[in-house]
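Let's take a friendly walk through this structure, one feature at a time. Have the sequence and the 3D view at hand as you read.

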Amino acid sequence: MTEAAILRFSKIKSMRSLRGALAHNLRVQNTPNANPAKGHLNQIHRGMDTIDKCLMIYGERLGEQTPRKNAIFAHEAVVTGSPDVINNMGKEQLKQYFSDSLNWLCKIHGGKDRLVSAVIHYDETTPHLQAIFIPIDDRGRLNSRSVLGGHKNRLSELQTEFADRVGTRYGLERGRKKSPARHQSLAEWYGKEPEARAAYERLAREINEQKATLSKLSIENKALLDENDRLFQDNKYLMEQADILRASNRDGLEALKRRISDLEAKPIPTYRPRP
């Protein structure tokens, strides 16, 4: 099985969506698919540890221009790899993989000054880098096409280049082109959350009901075992009494037999009337 270098891009189409992406990445909102106990392990790029700081960087790069209604405000890149490789990388090797990935992403976006936010998440199932860039062209204008556009195979080309320039250094190859596998977005994941939560709560109720039934049956079983033990002791006592009665009857019968034998052995006196 191919050990794949994974690179995904998504386009952020409004300031509201940009703020939401930052809130998710910086964990300032509820993130159900993250483990809060591991949140301290996440690594945030220096100077980008709050939403306001990230938006300030964005505003400085955007300048005075007013984005068009259909403009792409930002790109978000997610970098990871096949879980069996990523989860077995040493700490320093993993850190270097994400550092090399971020440098490559900055390069294709035109420089590090296009970077708005970068966070390495260790609080989810597989460690990954999430980086947000403002797509500015050489004229200083918002222009997503200058990075991700041009032709329909551009994203595929970038994934191939990423695997060749970065992934191969860490034993990760280009994944299958035009794979039918589809990434589930956070919006889709969260959209399914109420359904998943309802299913979880239903299963939790069923488990609790089964536990209550099991507890009740355990109590009843203990009562039956106690009753069985009592009956066993009663039966044992009755059997002992029966043995005593049998022995008593046997002794009495033997005594009676001896009495009869003695009586039979004695002569019977003859009664004669007096003259």
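## Salt bridges

This is a predicted model, and a search through the whole of the structure turns up 13 salt bridges. Side chains of opposite charge can pair when their charged atoms come close. A few of these pairs are worth a visit.

Start with Arg-139 and Asp-137, whose side chains meet in a salt bridge at 3.2 Å, N to O.

## Pairs within a helix

Next comes helix 6, which covers residues 154-165. Arg-154 forms a salt bridge with Glu-157, and the closest N and O atoms are 3.9 Å apart. Because Arg-154 and Glu-157 are three residues apart in helix 6, about one helical turn separates them. Glu-157 is partly exposed, its relative accessible area being 38%.

With a relative accessible area of 42%, Asp-226 is partly exposed, while Lys-222, at 52%, is exposed.

The loop between helix 1 (15-25) and strand 2 holds Arg-27. The backbone of Arg-27 has a phi near 60°, a positive value in a residue other than glycine. Arg-27 also takes part in a network of salt bridges that links it with Asp-123 and Glu-124.

Ala-37 is placed in the loop between helix 1 and strand 2 as well. Ala-37 is exposed, with a relative accessible area of 56%. Which separation do the C-alpha atoms of Ala-37 and Asp-123 show? They are separated by 7.7 Å, although the two residues are 86 residues apart along the chain.

Rolling a probe the size of a water molecule over the atoms shows where empty space is left. The second largest pocket holds about 240 Å³ of space. Strand 2 (43-44), helix 4 (91-108) and strand 4 (115-121) are the elements that each give two or more residues to its lining. Which element gives the most? Helix 4 does, with four residues.

The lining of this pocket includes Gln-43, Ile-44, His-45 and Arg-46, along with Lys-95, Phe-98, Ser-99 and Leu-102. Ala-118, Val-119, Ile-120 and Leu-129 are also among the lining residues. Sorted by class, the lining has seven nonpolar, three polar and two charged residues.

Back on helix 8, which spans residues 193-265, you will find Leu-253. Leu-253, Leu-256 and Ile-260 form a nonpolar patch on the surface, and together they have about 260 Å² of accessible area. Leu-253 has a relative accessible area of 44%, so it is partly exposed; that class sits between the 20% and 50% cut-offs.

## The overall fold

Finally, step back to the whole chain. The protein's secondary structure amounts to eight helices and six strands. Along the sequence, these elements follow the pattern β-α-β-α-β-α-α-β-β-α-α-β-α-α. How much of the protein is made up of buried residues? Of its 275 residues, 32% are buried.

Notes: Residues numbered from 1 in each chain as written. Predicted model: local features only at pLDDT ≥ 70, side-chain atom pairs only at ≥ 80, totals over all residues. Heavy atoms only, no water. 1 Å grid on protein atoms, 1.4 Å probe; cavity = no way out; pocket = protein on both sides within 12 Å on 5 of 7 lines; lining within 4 Å. Points joined across faces, edges and corners; volume = space filled by probe spheres on them. Nonpolar A, V, L, I, M, F, W, Y, C, P; charged D, E, K, R; others polar. Patch = residues over 30% accessible without salt bridge, like charges linked within 9 Å, V, L, I, M, F, W, Y side chains within 5 Å. Areas by Shrake-Rupley, 256 points an atom, 1.4 Å probe, with all protein chains shown as cover. Salt bridge = Lys/Arg side-chain N within 4 Å of Asp/Glu carboxyl O. Buried < 20%, exposed > 50% of the residue type's maximum accessible area, 1.4 Å probe, protein only.
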